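Please consult the sequence and the model alongside the questions.

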Amino acid sequence: MSDTPRIHLGSLLRTSSDAHAEGNLDHLSYEQGGAEQTLRFARLAPFEADVNSLGGEEMYLQGHFEPTLVMECARCLREVEVPLEIKLGTLLRYDPAAEAPYLEEADTGEEILVFGDPDLDLSAYLAETTLLAAPLSVLHAPDCLGLCQVCGHDLNEGPCEHMAQVPVEEIDDLLGTPEGTVHARQTPFAALRDLKLPED
Ligand SMILES: [Zn+2]
Ligand SMILES: [Zn+2]
């Protein structure tokens with residue numbers, strides 16, 4: 001079971017009443033650079049969000065999100081569960097011209113989530129906050145031995161014939177950051193942040 005995390009802001013926009021949404025997610029799908037990305041959770045991740053009108057087109061969202069992110073051990077690529085407790089808080093602004101929700105920096109330096117569909121899809125925002133809260137890399141155990149650089153054997157399960165040739169410390173340097181490691185800078189909004197907009 002998984003819902004797309006949506007919060008319905010239509011009546012808030014019409015009458016300034018408050019809005020509330022909650023649910024459980026087993027994954028988050030979002031778009032990044034035209035490609036569909038997925039964050040997988042080890043168990044149902046509860047989220048809760050309340051939105052209050054600040055007058056006009058502006059409102060404030062606050063809530064909680066508690067995903068247990070599935071990451072890969074940086075050395076042996078084994079799955080590691082990373083439980084996160086995230087406090088949500090962001091300004092929102094309704095702009096009918098916005099096709100997909102995006103983050104914008106206000107004059108005060110605060111971030112504003114701008115959206116055009118009153119049926120606001122929080123997927124990209126929740127994915128962004130999850131990736132920012134997650135560590136850059138994790139080890140499944142502090143003394144993980146990693147994979148053999150030559151044959152890919154998981155050295156946690158015992159040595160292989162190449163062990164005599166490549167000392168463990170060097171294996172670690174050679175491995176570097178494996179593909180598939182969740183990286184906090186690859187967030188849905190990162191590309192937008194890097195965009196240099198012409199000043200007027
Ligand atoms: Zn490992
Ligand atoms: Zn080997």
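**Reading the model**

Of the contacts in the protein between residues at least 6 apart in sequence, 55% join residues at least 24 apart; two residues are in contact if their C-beta atoms, placed from the backbone, lie within 7 Å. This is a predicted model, in which local features need pLDDT of at least 70, side-chain atom pairs count only at pLDDT 80 or more, and totals for chains, interfaces and linings use all residues. Residues are numbered from 1 along each chain as its sequence is written, and chains are lettered from A and ligands numbered from 1 in the order in which they are written.

Q: Why is Ser-16 called partly exposed?
A: A residue is buried with 20 or more other C-beta atoms within 10 Å of its own, exposed with 12 or fewer, and partly exposed in between, the C-beta atoms being placed from the backbone. Ser-16 has 13 such neighbours inside 10 Å, and therefore counts as partly exposed.

Q: Why is Leu-77 called partly exposed?
A: Leu-77 has 18 other C-beta atoms within 10 Å, so the term partly exposed applies.

Q: Where does Leu-77 lie?
A: Leu-77 is in the loop between strand E5 (68-72) and strand E6 (79-83); strands (E, at least two residues) and helices (H or I, at least four) are DSSP runs, numbered from the N terminus.
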